[in-house]
Amino acid sequence: LERTDIASWFLWAFSAPGAYYFEIHSTRSSEVAIDFLKASVCTFLMSDVYVGYERAIRIVNEFRRSEGLAELIALFCNSHCRRRFTEAAISYPEEAEFFIEQYAKIYALEGELKDLQDEAPRQIKRANMKPYFEAMLAMGSKLKPHFSNKSALVTAINYLENNYTGLTRFLENPDLPIDNNV
């Protein structure tokens, strides 16, 4: 990699429980993900909300449908969403604090989940997280009309609202990750 005229390289990481795979490419193009995911049998893709992954999922699902395979389902990283509220707290500390506190409670429950082996109590922990997400949606709807659409606070709220399904899909299955921090 050092003896090339390519200025930037991208480390692509793919993981599953107990397995990690890395590739280095000169691009962040969705073509890398498309090629990898077409050859995979995974059901879920945990990622940040990057348009390249949206494209990859669409193309891979077109391929999977044509082959009679199960479609790939998007999960979005809650750490990315939480970070947006942390950044919004610089300019809107009081308003953003509510969202940061909700995420603290969600992650506390997630920490407790790791100690549980049986699926039923793990599912209950995940169900207990849902009201915190719903509270964030409600607070976001309440706050948005009072701030500029370009503000960091509204940007964070929009990120939560626009990606809510992918951010909360992990609640349905205790084996799915809350984020891509692994």
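## Confidence of the model

The structure is a predicted model. Across the protein chain the mean pLDDT is 93, and 98% of the residues reach 70 or more. Among the elements, helix α6 (residues 152-162) has the highest mean pLDDT, 98, while the lowest, 86, belongs to strand β1 (residues 10-16). Where pLDDT is low, the predicted coordinates should not be read in detail.

## The hairpin of β1 and β2

Strands β1 and β2 run antiparallel and are joined by 7 bridges. Phe14 has Tyr21, in β2, as its bridge partner. The hairpin has 2 residues between the strands, and Gly18 takes a positive phi near 80 degrees there.

## A nonpolar surface patch

Ile6, Trp9, Leu11, Tyr20, Phe22, Ile24 and Val182 make a nonpolar surface patch of about 740 Å². Strand β2 (residues 19-25) gives the largest share of this patch, with 3 residues. Val182, by contrast, lies in the segment after α7. Its relative accessibility is 73%, so Val182 counts as exposed.

## Salt bridges

The whole structure holds 7 salt bridges. Side chains of opposite charge can pair when their charged atoms come close. One of the salt bridges joins Arg28 to Asp48, with 3.4 Å between the closest N and O atoms. This pair links distant parts of the chain, 20 residues apart: Arg28 is in the loop between β2 and α1 (30-38), and Asp48 is in the loop between β3 (44-47) and α2 (51-67). Arg28 is partly exposed because its relative accessible area is 35%, whereas Asp48, at 16%, is buried.

Another salt bridge forms between Asp175 and Arg122, whose closest N and O atoms are 3.0 Å apart. Here too the pair links distant parts of the chain, with Asp175 in the segment after α7 and Arg122 in helix α5 (residues 119-143), 53 residues apart. Asp175 is exposed, with a relative accessible area of 57%, while Arg122 counts as buried at 12% relative accessibility. Glu71 and Arg65 also meet through their side chains in a salt bridge, at 2.9 Å from N to O. Glu71 is partly exposed at a relative accessible area of 35%, and Arg65 counts as partly exposed at 47%.

## A buried loop residue

Asn163 is placed in the loop between α6 and α7 (164-168). Its relative accessibility is 10%, so Asn163 counts as buried. Leaving aside residues up to four places away in sequence, Asn163 touches Val49 and Phe76.

Definitions and conventions:
Residues are numbered from 1 along each chain as its sequence is written. Side-chain values use heavy atoms; hydrogens and water are left out. pLDDT is the predictor's confidence in each residue, from 0 to 100. Helices (H or I, at least four residues) and strands (E, at least two) are DSSP runs, numbered from the N terminus. Buried means under 20% relative accessible area, exposed over 50%, partly exposed in between (1.4 Å probe, protein chains only). Contact means heavy atoms within 4.5 Å. Patches are made of residues with over 30% relative accessible area and no salt bridge: like charges are joined within 9 Å, nonpolar side chains (Val, Leu, Ile, Met, Phe, Trp, Tyr) within 5 Å. Accessible areas come from the Shrake-Rupley method with a 1.4 Å probe; for residues, only the protein chains shown count as cover. A salt bridge is a side-chain nitrogen of Lys or Arg within 4 Å of a carboxyl oxygen of Asp or Glu. Two strands pair if DSSP finds at least two bridges between them.
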